[in-house]
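Subject: Structure for you to look at

Hello,

Here is the structure I said I would pass on. Please open it first and read the notes below with it on the screen.

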Amino acid sequence: MKLLAARAKLAAAARAGRGLVSCASGARRPLSVACILTHRCNFRCVYCDIPDHADREMSTRQWQQGLTELTAAGLLRASFSGGEALLRPDALEIIGHARRLGLSTSLNSNGWLTDAQLAQLAPLIDVLMVSLDGPAEDHDKARRKPGSQQRALAVLDRARQLGVTTTAITVLTPANLHVIEPVLELAKRHGFWSYFQPAYQGCFDRNRGLDPGLTPQVLADVAARLTGQRRAGLPVGASEGYLQRLAAAPQFGSCTNCHAGQHFFTILPDGACIPCHLTAEERLWPNAADLGFAAAFQQMARPSDGAGCAISPYQEQDLIFGLDRSAIAAALRRLGGQLG
């Protein structure tokens, strides 16, 4: 299992190299896609409104055909999430199709349903990201599910044993800023990369903005703390470039110049193609189920204005496709499973 995992990581690194060569040309190509398989979730976390948007979902066949079509158009990476993606009984079938296409793959999960499927899942993904909101008391309170933190850590441990690169993401609100250092200690102890994500007031509407308690001063302090923790040897997943943008709040960058819609994008459960989930409610987006996936990507408008966002995965991808050295190095370390 570990030999297969090592080979998969080498292949993922090679795909990443091809992607950087491709994006250097400046041509619009769908190199990375976030596949939101469902908005349904078995949790009702205090900071998340995604389950409120649960609606129509594309079929197994539609997702598989779409991934095949996008791969022919240049796709190199597919991430899968929800809601909770594993609520779909065909989730592994869809992820497995992406793996057979030769794509680099990752899964975002809350960890509650993951363990039962982990033996089958491990050969299909390069990276597992589990939501982790702090020590048990903080995590279980945010998740409204007793025992959820213990289960999340157990899944991270077992996935690492199976050779999967493990990461966790912590949503930061004004009420839980104290969890940063304890989460990083957990990350060091359990061998996973740790990411931190400032909370937005609405998951699909950037105009609502960040939680008002996450002021520029607060975010600058978060960036400084994470920088200090990384220098102390803790497994901070964020690149230097992302932390610099976080410290520059409220001007995180430029939506106009972001590579969202240029090299990476998101497909919602019903097939809508959007640059990022914060733009989901801004217009009627082209639908892949109706137009075809490659055609919907090409017809998708790019953000026309905005001061960027604080979404960690989007910022890291924007930096990577902008050929930022720190972001590229962080991504390669993650693919290699190296901590520190």
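Which side chain meets Asp-115 in a salt bridge? The partner is Arg-158, with N and O 3.2 Å apart. A salt bridge here is a side-chain nitrogen of Lys or Arg within 4 Å of a carboxyl oxygen of Asp or Glu.

Before the rest, two notes on the source. This is a predicted model, in which local features need pLDDT of at least 70 and side-chain atom pairs count only at pLDDT 80 or more, while totals for chains, interfaces and linings use all residues. Residues are numbered from 1 along each chain as its sequence is written, and side-chain values use heavy atoms, with hydrogens and water left out.

Salt bridges

The structure holds 11 salt bridges. Asp-115 lies in the loop between strand S3 (104–109) and helix H4 (118–121), and Arg-158 lies in helix H6 (residues 148–161), so their bridge ties together parts that are 43 residues apart in sequence. Helices (H or I, at least four residues) and strands (E, at least two) are DSSP runs, numbered from the N terminus. Asp-115 is partly exposed at 37% relative accessibility, and Arg-158 is partly exposed at 29%. For these words the cut-offs are under 20% relative accessible area for buried, over 50% for exposed, and in between for partly exposed (1.4 Å probe, protein chains only).

Another salt bridge joins Arg-206 and Glu-282, whose closest N and O atoms are 2.3 Å apart. This pair links distant parts of the chain, 76 residues apart: Arg-206 is in the loop between strand S6 (193–198) and helix H8 (216–231), and Glu-282 is in the loop between strand S8 (273–274) and helix H10 (288–291). Arg-206 is buried, with a relative accessible area of 18%, whereas Glu-282 is partly exposed at 33%.

Asp-318 forms a salt bridge with Arg-245, and here the closest N and O atoms are 2.8 Å apart. Asp-318 belongs to helix H12 and Arg-245 to helix H9 (residues 240–247), so the bridge ties together parts that are 73 residues apart in sequence. Asp-318 counts as buried at 8% relative accessibility, while Arg-245 is partly exposed at 23%. There is also a network: salt bridges that share partners join Arg-40, Glu-57, Arg-88 and Asp-90.

Aromatic rings

A search of the whole structure finds 5 aromatic pairs. One of them is Phe-264 with Phe-321, which is stacked, at 6.1 Å centre to centre and 20 degrees between the planes. Rings of Phe, Tyr and Trp (its six-membered ring) pair if their centres lie within 6.5 Å; planes under 30 degrees apart count as stacked, over 60 as edge-to-face and the rest as tilted. Phe-264 and Phe-321 are both buried.

Phe-265 and Phe-297 form a tilted pair, 4.8 Å centre to centre with 50 degrees between the planes. Phe-265 is in strand S7 and Phe-297 in helix H11 (residues 293–299), 32 residues apart, so this pair also links distant parts of the chain. Phe-265 is buried at 1% relative accessibility, and Phe-297 is buried at 0%. Phe-264, Tyr-314 and Phe-321 form one aromatic cluster.

Two arginines lie over tryptophan rings. Arg-151 is over the face of Trp-112, at 3.6 Å from the ring centre. Arg-283 is over the face of Trp-285, at 5.0 Å from the ring centre. A charge sits over a ring if NZ of Lys or CZ of Arg is within 6 Å of the ring centre and within 35 degrees of the ring normal.

Backbone

Most residues other than glycine have a negative phi, and most peptide bonds are trans. The peptide bond between Gly-82 and Gly-83 is cis, with omega about 25 degrees. Gly-83 is in the loop between strand S2 (77–81) and helix H3 (91–100). A cis bond also runs from Ala-249 to Pro-250, with omega near 10 degrees, and Pro-250 is in the loop between H9 and S7.

Arg-144 has a positive phi, near 60 degrees. Arg-144 is in the loop between helix H5 (136–143) and H6 and is exposed, with a relative accessible area of 55%. Leu-323 has a positive phi near 65 degrees. Leu-323 is in the loop between H12 and helix H13 (325–336) and is partly exposed at 41% relative accessibility.

Regards
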